[in-house]
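Colleague: I have not looked at this structure before, and I would like to go through it slowly with you. Could you take my questions one at a time?

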Amino acid sequence: MIAYSLLDAGEYIAALPKEEHAAPEWQAAMEALILVAEGGGPMMFARIGIMRA
């Protein structure tokens, strides 16, 4: 199993081409990452956001 950090996920999203980065599914994934990172929300929220995008 490969473990990625929230930072890795955020950097991946930030590195996407502008059109793809602006897509609603990637914006939702970024919001989930921020929720987990700042608010201590469940890590599963971030995982689901990335998997859906």
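Modeller: Helices are DSSP runs of at least four residues and strands are runs of at least two, both numbered from the N terminus. Please keep in mind throughout that this is a predicted model.

Colleague: How many helices and how many strands are there in the protein, and which pattern do they follow along the sequence?

Modeller: Read from one end of the sequence to the other, the pattern of the protein is α-α-α-α. In keeping with that pattern, the count for the protein is 4 helices and 0 strands.

Colleague: What radius of gyration does the protein have, and what would a compact globule with 53 residues have?

Modeller: The C-alpha trace spans about 30 × 25 × 20 Å along the principal axes of the protein. A compact globule with 53 residues would have a radius of gyration near 10 Å, and the protein agrees with this, since its own value is 10 Å.

Colleague: What length does helix H3 reach from its first C-alpha to its last?

Modeller: Helix H3 runs over residues 24-39, which gives it 16 residues, and at 1.5 Å a residue a span of 22 Å is expected. The helix comes close to that expectation, for the distance from its first C-alpha to its last is 22 Å.

Colleague: Which residues of H3 are buried, and why can they be placed on the same side of the helix?

Modeller: The buried residues in H3 are Trp 26, Ala 29, Met 30, Ala 32, Leu 33 and Val 36.

Colleague: Which helices are included in what covers the buried residues of H3?

Modeller: The cover belongs to the buried residues of H3, among them Trp 26 and Leu 33. What covers them includes helix H1 (6-14), helix H2 (18-21) and helix H4 (43-52).

Colleague: Which residues of H1 are buried, and which are exposed on the face turned away from them?

Modeller: In H1 the buried residues are Ala 9, Gly 10 and Ile 13. These cover an arc of only 95° around the axis, and therefore they lie on the same side of H1. Their cover includes H2, H3 and H4, whereas the face of H1 turned away from the buried side carries the exposed residues Leu 7 and Ala 14.

Colleague: Is Ala 23 buried or exposed?

Modeller: Ala 23 sits in the loop between H2 and H3, and its C-alpha is 9.0 Å from that of Ala 53, although the two are 30 residues apart in sequence. Since residues under 20% relative accessible area are classed as buried, and Ala 23 has 15% relative accessibility, Ala 23 counts as buried.

Colleague: Which residues does Gln 27 touch, if residues up to four places away in sequence are not counted?

Modeller: Gln 27 has its place in helix H3, where it counts as partly exposed because its relative accessibility is 32%. Its C-alpha is separated by 8.8 Å from that of Ala 53, which is 26 residues apart along the chain. Leaving out residues up to four places away, the residues that Gln 27 touches are His 21 and Ala 22.

Notes:
Residues are numbered from 1 along each chain as its sequence is written. This is a predicted model: local features need pLDDT of at least 70, side-chain atom pairs count only at pLDDT 80 or more; totals for chains, interfaces and linings use all residues. Side-chain values use heavy atoms; hydrogens and water are left out. The expected span of a helix is 1.5 Å times one less than its number of residues. Buried means under 20% relative accessible area, exposed over 50%, partly exposed in between (1.4 Å probe, protein chains only). Contact means heavy atoms within 4.5 Å. The radius of gyration is taken over C-alpha atoms; the globule rule is 2.2 Å times the number of residues to the power 0.38. The arc is that of the directions from the helix axis to the C-beta atoms.
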